[in-house]
Amino acid sequence: MKTLAIICLLLSQTLYAQTYDHLDTALSYYQLDPSHLHGKEADLSNVEEQFNQGRMQIYRLKKGHVLKIEQAEYLKPIAADGWKVIAPEINNSTTEVNPKIMTVINELNVTNVRGHLEYFTGQTSRRSGAPGNQESTTYIEKFLGELGYEMTRDCFSPGLCNIWGTLRGNVDEYVLIEAHLDSVGRAYAGADDNGSGAAGLLELARVLKSVDKKRGLIIFATNGEESGLLGAKDFVWKARDNGLLNKIKYVINMDMIGYNKNGIVDIETNREFEDLAKWKSALANTYTTLKPEITMPAWGSDHVPFLQYKVPSILTIEHWKTKTPCYHRECDKIDTINFEYMMEILKLNVAASMEKMVETK
Ligand SMILES: [Zn+2]
């Protein structure tokens, strides 16, 4: 009996090892998504780095190891061919200059942007549901309403509201520009993440309100991004059910557009929209001084819920490898913001949204 038990034990261990080896080769690549670490260090003791460029950090399980439960928070499984980064040196194509776009670009005003950012960082906290979060929502509602946008406030949780303004075009289709208005809640902070995107959003709303358009424009201040993309997910689910999602033909997400080290802007989407990212890079080379780096797939911000439903969506974000050292910290203050760089990203998004608003296909 004893011998039989030992044989059974050895056999089960062999079977386990075989199964395990299979898992190890098939499911062993992981993408680091640090968005919910909130300052904690990621445990990378059982994985080794495979690729580290731009926003993409890919790890592989070390042989004989398994992923720990808590690591699933920040190490997301990815296919062996699931990622690609195209360096700025390679993204050197340009496009023809459209004088109408140049006119609108020249209307962008840095004083307005600074004013909005001072308002947002003047709040004690813009954490989901905090009074400063609710006041910022009202500030955006009032600003867009006065510009003539048709406003919708949708509170998906008590005290936590999405806010968006709509301008209709000649066809029942839309270009949507989004930025999250919430922060992680550091006092008088969240300047770069994401006061910068929210302030830029309002300036884009101002300069784009009277441009020629076939498609309409939706200016969307999302909420609860830092708590798990809550507002964007809620919007996408409701838009899927009421039919709006099918009418949204292009999404621009601005999240962290204010800190600059080297002039690189990360242009992020999923691999199925690689051509769209290349098109956007050409616009960057034509209308701005930015150096575009394409990074795929998307993770960690409000473009992701749209991409899950195959809506063509692009995130514009500061170069992640040299991102603000104050990310999610108390020191994410307005004095770290490079307004000149931020305005270049706004120019890029003026060009992209204007092109997509008159597109006929
Ligand atoms: Zn953010």
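**Entry 1: overall size**

I compared the chain with a size rule: a compact globule of 361 residues would have a radius of gyration near 21 Å, and the protein chain has 22 Å, which agrees. The radius of gyration is taken over C-alpha atoms, and the globule rule is 2.2 Å times the number of residues to the power 0.38. I also noted that the C-alpha atoms fill a box of roughly 85 × 45 × 40 Å along the principal axes.

**Entry 2: basis and confidence**

I recorded that this is a predicted model, in which local features need pLDDT of at least 70, side-chain atom pairs count only at pLDDT 80 or more, and totals for chains, interfaces and linings use all residues. Residues are numbered from 1 along each chain as its sequence is written.

I looked up pLDDT (the predictor's confidence in each residue, from 0 to 100). The chain has a mean of 92, and 92% of its residues reach 70 or more. Over residues 8–25, pLDDT stays under 50, and the model has 2 contacts beyond four places in sequence for them. Two residues are in contact if their C-beta atoms, placed from the backbone, lie within 7 Å. Where pLDDT is low, the predicted coordinates should not be read in detail.

**Entry 3: domains**

I found the chain divided into domain 1 (18–81) and domain 2 (99–358); such bounds come from an automatic or database domain assignment. Their C-alpha centres lie 29 Å apart.

I noted 9 helices and 13 strands in the chain. Helices (H or I, at least four residues) and strands (E, at least two) are DSSP runs, numbered from the N terminus.

How are helix 4 and helix 5 placed to each other? Helix 4 (residues 131–147) packs with helix 5 (residues 191–208) at about 10 degrees, their axes being 10 Å apart. Therefore helix 4 is roughly parallel to helix 5 (angles under 35 degrees count as roughly parallel). Axes are lines fitted to C-alpha atoms, for helices over the stretch in contact, and angles run from 0 to 180 degrees between N-to-C directions. I140, F143, L144 and L147 of helix 4 meet L202, A205 and R206 of helix 5.

**Entry 4: backbone details**

I found a cis peptide bond joining D193 and N194, with omega about -5 degrees; N194 is in helix 5.

Note on methods. Angles under 35 degrees count as roughly parallel, over 145 as roughly antiparallel, 65 to 115 as roughly perpendicular and the rest as oblique.
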